[in-house]
Structures are given as structure tokens and as C-alpha cells.
Amino acid sequence: MRTYLRSYAAKLFAGDLAAFGAPPTDEALAGHIRAEQISLVLGYSVGIMLANACNALVLAVALWQSPDWIFALIWAAAVISAATFFGLQARGSRRVAKPEFVSRRTMYRLVRNALALGATWGIVPVAFFADASSGGQLVITCLCAGMLAGGAFAFATIPIAAIAFTAPIFLGTAICLGRDGDFVYLLMAVLVVVYGAVLLRGVFVNSLEFRRRIIAQHDAERTVRQDPLTHLPNRVAFNETLDGALKRLARSGEEFAVLLLDLDRFKEVNDRFGHPAGDEFLVQVAARLQRCTRAAEHVARIGGDEFALIMSNLTRTEDALAIAEQFVAAFADPFLIDGYEISGATSVGIVLAPRDGNTPHDLLKHVDIALYRAKKSGPGSICFFEADDDKSARDRRALQGDLERAIEADELFLVYQPFLDLRKGRITGFEALLRWQHPVRGLIPPTVFIPIAEESGLIHQLGEWVIRRACTTLSRWPDDIRIAVNVSAVQFQNVGILQTIVQALTEANVSPNRLEIEITESMLISKYGSAPAILNALLELGLTVALDDFGTGFSSLTYLRKLPFSRIKIDQSFIRDMLTQPDCAAIVKSVIALAQDLQIGVVAEGVETAEQLEYLRQTSCDEVQGYLIGRPMSLSEISTLQRSVHAA
Ligand code: C2E
Ligand code: CA
Ligand code: CA
């Protein structure tokens, strides 16, 4: 009972309308409501204090002839000085930005001051009315009525403050009227009670409505700042936090870090398990990430699978790294979704302000670049921004511009690397590999410009060019030679690729079974849902399809069973190490056996030594490719070679 009373009183004097039956709120919202209430009162304060001073002066003049004039003068002087003091204080605090949260203690102080001011006015009818002239009495009556109305108005959103202010004036009036049995006074008392009731009722209705409006506004603002799926702050909220951090940096030099996370393999989860599972995955990720942060900091979801954190008041760089490591570690255990165990990972980019920038634009650009490098280093990587990154990003942009002109400028060409059939002992085909002769930078490897082409969408144009050029070459070569072209995942986003292939084959008058498409596993599990459909269409057209870089991705075997590939290409990393590392040898052997089981071809990539070739021959690999057999060659090199073979 005691604690109940205490908490009720705490609520009551903190201006909380829950004390009068309104639905309760949490303390954060209550503090926000208090801030709004107080800011409203502060808005009126200067005027009200001026009115107080003015009223006190009028009263002193009205009581000039009264026997209590000395006391009235002292009283008025006290009120005028207090009103001036509080008025100036209120004016000063109005200049400070409105706070988001106001403590209960501040509200207690306000209620206490209201009571003190009310009591000051409550003294007036008790002390001065009886001995005043009839003119003086009229002034006192007017003043009391005015102060009652003014007080109710000033505290119209805080009933307890309105009560604290008006109650002493009511009390004073009651004492004054009750002392004299005059019938006119009785009538006045009735009037005062009616006024009081009307005023207080008005205050209650108004404050409930005010509170309802503030809560609705608060809810609306929260929705604007919250991600509906994970309930984390969204990009809007993140930008505001970033702005706030930058302001604190400018004001007090408080350093901070921005961490940007991008989930690895999220698209795969979405594609394999469906969108509801993808959503559930994000919700679980959000919960795990939130658990890694300090209480006052919130991870925000700023994009589909992008999360970000602003770590304010950063004293040591290692703290940012420690949190990033916790984020990465949060993915150690798989996520349980719909009975499946789904594993995930995240890469993290980090920038430090002001070291890496002091504007939102610079910081976000640089953290993006850091994240890009982290993603390139593989799942679970963490990278700080480095000034060199910015340079490499600029380089990439410059190269992209050059690449746009490269096709027209005839700077691209294909080289061809042979496949050797081990049983037949002859060359059965070539893989077409793209080269770019840059006018200034010289020969640029495809590992540099293909990713740029993929990111910028130029790959569609480039890929079309490769296919057309390969078909033209095929038309000049013997019928039993095939050409394999590499196709990027991005190209399968565009169903137009089918038409390009059919057109190129028809125009060059080449049989479809001589063109092979090399794709990597990653594109089957990538975001392009149309990949399997396009693959099947290609196979129906009679093309062959090879699975490139086999073994470097994951869950390869499932795809082999689902999609009718014509060939598997064992990645060069296994061939390089198979003679020294037993596990690589085991993989090579079992992939060859698997291909034979599935009755599809198998090629070993990157054969560089005679020992490797011999080993592959013994394990009955179908075809080999590598520097030992032939480096990628230009068309003219190939025809010279052919001529010398014929001559021999
Ligand atoms: P990839 O498809 O795995 O191509 C094989 C890469 O291994 C080629 O590098 C080739 O020159 C190299 N290579 C061949 N034999 C050996 C060997 O014995 N030892 C070693 N160490 N390397 C060998 P390249 O030409 O630099 O191509 C790199 C990658 O660029 C290719 O990997 C492919 O993914 C991509 N690429 C090349 N041309 C195209 C293209 O026209 N379109 C697309 N989308 N990607 C292409
Ligand atoms: Ca390839
Ligand atoms: Ca390969």
C-alpha cells in the first residue's frame, strides 16, 4: 500500500495523466510528454511573469490608502522581483533547443513553483481584502478571478500544476469570504466554485487531448524511423543519428565510428528457402546483432541485407574492431528456420570520424569502400577504410569509363586456350578468354575488368560481343572443334541472352553443339532466379554447358543432380595441389568418378606439369587444359601452330 501510494504520488506530481486514469505509458514516452508540457508552459512564461509583476504593481497602488499599505508594498516588491527573475530565466531557457526528454524532478520543481506562486496570490484576499476600500476590494476580486483563469490557462496541459497554482487562491478566497457572513459574499463564493469547477474541467479535457495528440505524434514518428520487419531503426533514423554524431564531433570533438554490415549469402537464403524464410532470417540476424551492442546504441537496418551501427564516444579504435568481431561471431551458429539449419555470415566495413571524413557523404562513401574490400576478402571479413581504397575506387570508376569505349575502339580481343582429349590424344576445342589492350595501361587482365563490367551492367554488351566473335571464329574452324565461352551470372539476369546466342549461331551458320557455355556454381545460387530456366533452354537448343571452377563454391553436388550439365571443370587449385596434398587428390579422383557415374565429361584445369598430366591420365580424366598443353593464344598464333603441326 505504502509503495503504491508513493508511486502514485510520484506519477501525480510528475504531471502524468495516468494518475487521473489515462492509459499508462513507459518512462521514455512519459519523459517526452513532460518535455512537451514544459515547453508549452515556458512559451507562456514571459508573458505570465509580466502579468504577475503588473498585477502586483496595480494592487500596491490600489491599497495605497489602506492601513496595510506597507505590507502591501513589501508584498508587491517581492512579487515583482520574483516575477522578473523567473521571467528572465524562462526567456533564457527558451533559447536552448527543446529537449526530447524531461526528468520527473524538473516537473516536480515546476509544480512546486506553481504552488509557491499560487500561495503568494492566495495571501492577497486573506491579508488585504477586509481592510481595503470598496475600490480596493473590487481590484482584489478582479485580480483573484484573473489569476485563477490565467493560471488554469498557463497550466492547461498539466492538471496537477494548475491545481497547485489555483488551490491556494481558492483557499484564500474561501477564507476571506467565509469570515464575513454577508449574503453578497455567499453569492460570490458560489460564483468562485462554479468558475473553479469549469476551469478545472477545462484543464482536464485539454490535457487529455494534448497527451493523446503527443502520443499519436510520437507513434507516427516512430513508424517513420523504424524498420517494420526487424523493428530496428531504419535509414531515416540512422541518418539522424549520424547527423547528431557529426554535430557532437564539431562541438566537442567527440570521435565516433560507423560500422557497415552486409550479409553474405542472403540472396541465396531467399532463393532457396523463399521470402518468408528470408524475412525470418533477417529478424533473427537483427536480434543477434542487437545483442552485441552497448545498451544506448542501436544497430539500424539501412537496406535489404545491410545493417549499420554508429559507435559514439569512441576512445579506442580497438573498440570498433571488437564490436565488428562480435558481429561476425554472432553468425557462428546456424539459424534455425522452418526446421532448416541455415548458416550465414557478414562482412563489416569500418570508418572512423573524423579520420576518414567529417561529412555524411564522405563517411558513407568510405565505409562502402571498406565494406567492398571486406566482401572481396570473403565472408566474415572486417576491413577498416584505408586511403588507398579511395584511390582504387577512383581507379575503378576511371576504368569503367574506358571500358565503355573499349568495344568501339576495338581494344578487346579473344585468346583461345586448348582442351586436350586424353583418350583421343588430340585438341577437341578451345576456351575463349577475353583480353583488353588498354591504350595507356597496357594489357588488363579479365579478373580486373570483368567485375567492373558486371557491376556496371556493361557485361551484357561485352558478353554479346564475345559470343558473336566466338561464333565467327567457329565458322572458320573444322566441325569437330568446339569453343567454350565464359558467361557471368549477371548475364543470366537478361533473358535476351538466349536470342543473342541463337542469332549469333545462325548468322555464322554454326551448329549449336559446337558452342559451350561455361558457368560457375555461384550463378546457380545467385539472385537470378531465371538461371536454371535459361540453362535448360540452352541445353534444349543443343548447346553444351560446363560447370566451371568446380569445387570452389559450396553444395556443388546438389546442382549436379538437378541440372543436366554436359561437363565439369575441376578448379585449378585442386590440380595444383593434388600431388602434394592427399585431400586434393581425393577430391580430384572422386569428382572424376562422379562425372563418369553421371555420364558427363570432366576437364582438369590448370595442368602445368607432366606429372600432373600423367596422374590425370591414370585417373581417367577426359580432358585437360593448362599451360602445359597450351597457353591462351591469339588466332594468328593458333594458325601458325596448325601449319607447323601439318608440316610435321
Ligand atoms: P576461368 O574461366 O577459370 O579461366 C581460366 C583462367 O586460368 C584463365 O585466366 C587462364 O588464362 C588461366 N589458366 C589457364 N591455364 C592455366 C595454368 O596452367 N596455370 C595457371 N596458373 N592459370 C591458367 P584469365 O584468362 O586471366 O581469366 C580469368 C577469369 O576471367 C576466367 O577464369 C573467367 O572467369 C574470366 N573471364 C575471362 N574471359 C571472360 C569472358 O569472356 N567472359 C566472362 N564472363 N568472364 C571471362
Ligand atoms: Ca572458364
Ligand atoms: Ca575455371
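Me: Which exposed residues sit on the face of α5 turned away from its buried side?
Reply: Ser134, Leu138, Cys142 and Phe153. Bear in mind that this is a predicted model.

Me: And which residues of α5 are buried?
Reply: Gly136, Gln137, Ile140, Leu143, Cys144, Met147, Leu148, Gly151, Ala152 and Ala154.

Me: Where do they fall, seen down the axis of α5?
Reply: Within an arc of 165°, so the buried residues line one face of the helix.

Me: What covers the buried residues of α5?
Reply: The cover includes α2 (27–62), α4 (104–128), α6 (159–179) and α7 (183–225).

Me: What span should α5 have, and how far apart are its end C-alpha atoms?
Reply: α5 runs over residues 134–154, which is 21 residues. At 1.5 Å a residue, it should span 30 Å. The end C-alpha atoms are 30 Å apart, so the two agree.

Me: Take Ile140. Buried or exposed, and by what value?
Reply: Buried. Its relative accessible area is 1%, and the cut-off for buried is under 20%, so Ile140 qualifies.

Me: What does Ile140 touch, leaving out residues up to four places away in sequence?
Reply: Leu59, Leu63, Val124, Pro125, Phe128, Phe129 and Ala132.

Me: How far is Ile140 from Thr173?
Reply: C-alpha to C-alpha, 9.9 Å in space. In sequence they are 33 residues apart.

Me: Switching to cores. Which residues touch the most other members in the largest nonpolar core?
Reply: Leu434, Val485, Phe492, Ile501, Ile517, Leu538 and Leu616. That core has 77 residues.

Me: Which helix gives the largest share of this core?
Reply: Helix α15, residues 459–476, with eight residues.

Me: What is Ile517 in contact with, beyond its neighbours within four places in sequence?
Reply: Val485, Val487, Ile501, Leu538, Leu543, Thr544, Val545 and Ala546.

Me: How many residues are in the second, separate core?
Reply: 42 residues. In soluble globular proteins, nonpolar side chains tend to be buried together.

Me: On to ligand 1. How many residues surround it, and which are closest?
Reply: 21 residues surround ligand 1. The closest are Gln417, Arg435, Gln572, Glu608 and Tyr627.

Me: How far is the side chain of Gln572 from an oxygen atom of ligand 1?
Reply: An N or O atom in the Gln572 side chain is 2.7 Å from that oxygen.

Me: What about Ser488 and Asp549?
Reply: Ser488 has a polar side-chain atom 2.9 Å from a nitrogen atom of ligand 1. For Asp549, a polar side-chain atom lies 3.3 Å from an oxygen atom of the ligand.

Me: Backbone next. Where is there a cis peptide bond?
Reply: Between Ala353 and Pro354, with omega about 10°. Pro354 is in the loop between β6 (345–353) and α12 (360–376).

Me: What is phi of Asn313, and where is that residue found?
Reply: Phi is near 50°, a positive value in a residue other than glycine. Asn313 is in the loop between β3 (306–311) and α11 (317–329).

Me: And phi of Asp410?
Reply: Near 60°, positive, and again the residue is not glycine. Asp410 is in the loop between α13 (387–406) and β8 (412–421).

Me: Is Asp410 buried or exposed?
Reply: Exposed. Its relative accessible area is 56%, and exposed means over 50%, so Asp410 passes.

Technical notes. Residues are numbered from 1 along each chain as its sequence is written. Chains are lettered from A and ligands numbered from 1 in the order in which they are written. This is a predicted model: local features need pLDDT of at least 70, side-chain atom pairs count only at pLDDT 80 or more; totals for chains, interfaces and linings use all residues. Side-chain values use heavy atoms; hydrogens and water are left out. A nonpolar core is a set of buried Ala, Val, Leu, Ile, Met, Phe, Trp, Tyr and Cys residues joined through side-chain atoms within 4.5 Å. Buried means under 20% relative accessible area, exposed over 50%, partly exposed in between (1.4 Å probe, protein chains only). Helices (H or I, at least four residues) and strands (E, at least two) are DSSP runs, numbered from the N terminus. Contact means heavy atoms within 4.5 Å. The expected span of a helix is 1.5 Å times one less than its number of residues. The arc is that of the directions from the helix axis to the C-beta atoms. A residue is near a molecule or strand if one of its heavy atoms lies within 4 Å of it. A polar contact is a pair of N or O atoms within 3.5 Å; within protein, one must be able to donate a hydrogen and the other to accept it, and residues adjacent in sequence count only if both atoms are side-chain atoms.
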